[in-house]
Amino acid sequence: MISMLSAPEVLCINSGLTAEWWGTCDYFAALSRMEALQHSLIEGKGENVVAYLEHLPVITYGRATPPEDLPPEKSECPVVEVPRGGLATYHGPGQLVGYCIVNLRFQKGDSSPDIHSYIRALEQALIEFMRDTWELPAVRSLGRTGVWVHAQNRQLRKIASIGIHVRRWVTSHGFALNLASDLSMFRKIVPCGIRDAEMTSVERELRERGRLSEAQLLTQGDALRRIAKLFHPYLVTQFRAGGWLSEP
């Protein structure tokens, strides 16, 4: 069911970072709404918002993506160039996407907004959430944006991707966390330009650790909405520590 035709559900409004649930969305409809929110915040008419959603299947890629990283011309799902950092990635059912529309101009104690610290804040929120919620060994990989986990054999697998766009110090786009994603779709591209590592999901990592009941919960009902609501305070904590939100 596509919920973009109705008003978004507000999950949290008391943190200086409003959380909205958009449901399962067509990519272009979500992009249009996200850009409208960014424009409002640039004009001083809006507020900091994180839109949590799940996309219908789509492959997106940033402007620097080499053609060989993309699927052949005849693809089973749309392939879309988008104005964000990062290379090719897949969005689809079972993946929690967070579009962050945040004003970086008000970073406390720093007259010059810092995009790199903002990206690190996104990573840290995801890392701490996965460690606390599922006890998964989530980490950064040196020199690579995003979040990774150590598999049972200690191999690093990528579990969350980050790609942002900043206009007049207001962010858009954000992160994608693979909860119960169809990982076969990532094999049709070179995800994030990475040729020497594979993509994974929370469901896969739980199953490989014998935690089948927890893995099954990720495929049921409103799992993504529930997890978005649990995750949001972690994002608030990191953004507040970075100085982009006022203290409660």
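1. In the hairpin of β8 and β9, which residue takes a positive phi? In this predicted model, the residue is G143, with a phi near 80 degrees. The hairpin has two residues between its strands.

2. Strand β8 covers residues 138–141 and strand β9 covers residues 144–150. They run antiparallel and are joined by three bridges.

3. The chain as a whole may now be considered. Its secondary structure comes to five helices and 12 strands. The radius of gyration is 17 Å, close to the 18 Å that the globule rule gives for 248 residues, so the chain is as compact as a globular protein of that length. Taken along the principal axes, the box filled by the C-alpha atoms is roughly 45 × 40 × 40 Å.

4. An open sheet is built from three strands in the order β5-β4-β6, and its pairing is mixed. Strands β5 (79–81) and β6 (89–91) are the edge strands, each pairing on one side only. From one strand to the next, the twist averages 30 degrees.

5. Strand β4, residues 58–61, pairs with β6 in the antiparallel sense over three bridges. The bridge partner of V58 in β6 is H91.

6. The next point concerns the packing of two helices. Two packed helices are described by the angle between their axes and the distance between the axes. Helix α2 spans residues 115–134 and helix α5 spans residues 223–242; their axes come within 9 Å and cross at roughly 135 degrees. That angle makes α2 oblique to α5, because only angles over 145 degrees count as roughly antiparallel. The crossing of the two helices is right-handed.

7. Which residues bring α2 and α5 into contact? On the α2 side they are Y118, A121, L122, Q124, A125, L126, E128, F129, D132 and W134. These meet I227, L230, F231, Y234, L235, Q238 and F239 in α5. Sorted by class, the contact has 13 nonpolar, two polar and two charged residues.

How values were computed. Residues numbered from 1 in each chain as written. Predicted model: local features only at pLDDT ≥ 70, side-chain atom pairs only at ≥ 80, totals over all residues. Heavy atoms only, no water. Axes fitted to C-alpha atoms, helices over the stretch in contact; angles between N-to-C directions. Helix = DSSP H or I, 4+ residues; strand = E, 2+ residues; numbered from the N terminus. Parallel < 35°, antiparallel > 145°, perpendicular 65-115°, else oblique. Left-handed = near helix turned anticlockwise from the far one by under 90°. Contact = heavy atoms within 4.5 Å. Nonpolar A, V, L, I, M, F, W, Y, C, P; charged D, E, K, R; others polar. Pairing = 2+ DSSP bridges. Rg over C-alpha atoms; globule rule 2.2 N^0.38 Å.
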